[in-house]
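Biologist: I'd like to go through this model with you. Can you show it and tell me what each label rests on?

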Amino acid sequence: MAGTRRVGVAVLGLVLGASLLTGCAATTSGAGRALTAMPGAPGIGDPYFPLDGNGGYDVTDYALDVAYLPATDELTGTAELAVRATQDLSAFNLDLVGLEVRSVAVDGAPATWTRDGGELTVTPAAPLADAAAFTTVITYAGVPATLDDPLGVAGFFHTDDGALVVGQPDVAATWFPVNDHPLDPATYTVRITAPEALEAISNGVLTSTTSAGGMTTSTWRADEPMAPYLVGMAIGEFDVRAYGQGGIRYWDALDPALGETGAVASASLARQPEVIAFLEGMFGPYPFAAAGGIVDDVGELAFALENQTRPIYAPSFFSDAVSGDVVVVHELAHQWFGNSLPLARWRDIWLNEGFATYAEWLWNEGEGRGSVDEQFDRIASIPADAAFWTLRIGDPGPDRLFDPAVYLRGAMTVHALRTAVGDDAFFRILTEWTGRNAGRNVTTGGFVALAEEVSGQDLTELFDTWLTTPQKPDLP
Ligand SMILES: [Zn+2]
């Protein structure tokens, strides 16, 4: 994520202790072993957002089929989830904010359900065995919610000509039932039906477009697993530019209403192949088959997000070419740091934002806008008594996930590591980190261990100083 303004607001979803499931154990003794089935947990176990995600299963694939009518703001959806149980389950939760659930089926049989806040509890007709693969199909409808979250206004934007879905950490549950945490990435098919005058863009590659009865259905497929918050959707009037370069398929979507801003955005997005090649030189091969960017004319949107293979950008970033190019670098760096390597818990957000910001510094250096050392020194000139230095970026708290210090001190941490271990070890750490962990959830502890292994140095003190000491580090 990159923010043009960052406003601290109350975090939705922090309802500690609410809706703990205490249902009775269900037992069955069919042909197989006896099951002692319990409800899955209502949260996946992230202390920052206790009700985000759920326990007891992993989703492997989502097939979302959504229709959206801008005239009424209403979305009608069918979500088919391919799931694997990780315990004997008598019931399980999905995350869903608002929207009316119309039917739920598990393995083709009708299931019952209850709602409690953002939790949808599904009780299948018969318990599910640990390790069993099963499908869940949910039909639903309603007007999706726009959120106030750590980014500011986010979630489901009802725009002048359509819709834009973008947010972090909470957004997916505003428009489909989901195990809403990066600990459970999955593949996605997103099939969007909208009035035929409009374009509909999501992640991955466009596999089909069909029209009937004044509506067009566009089907997008993402074969590489993706955290739920990275699933984006844009419906509206767009100039769509599709092209291939370097083995990557690009779809760029620019709102024609943007005028001069759109021209700057178009030029910055045209540099994506160059940016990806630049980043590949340091981070290893680009991890996905597709790329591209979406710029929609939405006044309330004040950030850019690294939606997998297709970041979504607020138009305000494209006030000038330098700002535009740099935000594209930032969001493309996240395709490695945050997307290919999703966080195991939100506390470690610096692993995303510190590296994406460091990529900006490296890019700026290449463009002749000051060396990385000079960019480091500019932040280092912030006085020691400034509040900037008091945030423990290794544990910033749920409402300061996107504090400027997470980005800037995060990038300084990366540079402090480079200074300590030298360029050879540093760049080997980066490619080992992205190579070994592609498609896996990561933690700060895992990064520190790898950095120590590659460098042969004890880095405990360095990371303690930079990540968890709430004061300005001593600088040479
Ligand atoms: Zn970011």
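Modeller: Let's start at one spot: just after α8, G456 takes a positive phi of about 70°. Mind that this is a predicted model, where local features need pLDDT of at least 70, side-chain atom pairs count only at pLDDT 80 or more, and totals for chains, interfaces and linings use all residues. Residues are numbered from 1 along each chain as its sequence is written.

Biologist: What makes α8 a helix, and how do you know that its span agrees with its twelve residues?

Modeller: Helices are DSSP runs of H or I with at least four residues, strands are E runs of at least two, and both are numbered from the N terminus. α8 covers residues 444-455.

Biologist: Which residues of α8 are called buried, and why?

Modeller: T444, F447 and A451 are. A residue is buried if 20 or more other C-beta atoms lie within 10 Å of its own, exposed if 12 or fewer, and partly exposed in between, with C-beta atoms placed from the backbone.

Biologist: What puts those three on the same side of α8?

Modeller: They cover an arc of only 60° around the axis, so they sit on the same side of α8; the arc is that of the directions from the helix axis to the C-beta atoms. On the other side of α8, G445, A449 and E453 are exposed. The cover over the buried residues includes α4 (350-366), α6 (404-421), α7 (423-437) and α9 (460-468).

Biologist: What are the domains, and where does domain 1 touch domain 2?

Modeller: The bounds come from an automatic or database domain assignment: domain 1 (42-148 + 171-219), domain 2 (238-338) and domain 3 (346-468). The centres of domain 1 and domain 2, over C-alpha atoms, are separated by 27 Å. Their contact (C-beta atoms, placed from the backbone, within 7 Å) takes six residues from domain 1 and twelve residues from domain 2. On the domain 1 side, β16 (199-201) and β17 (205-212) each give two or more residues.

Terms used: Expected span 1.5 Å × (residues − 1). Contact = placed C-beta atoms within 7 Å.
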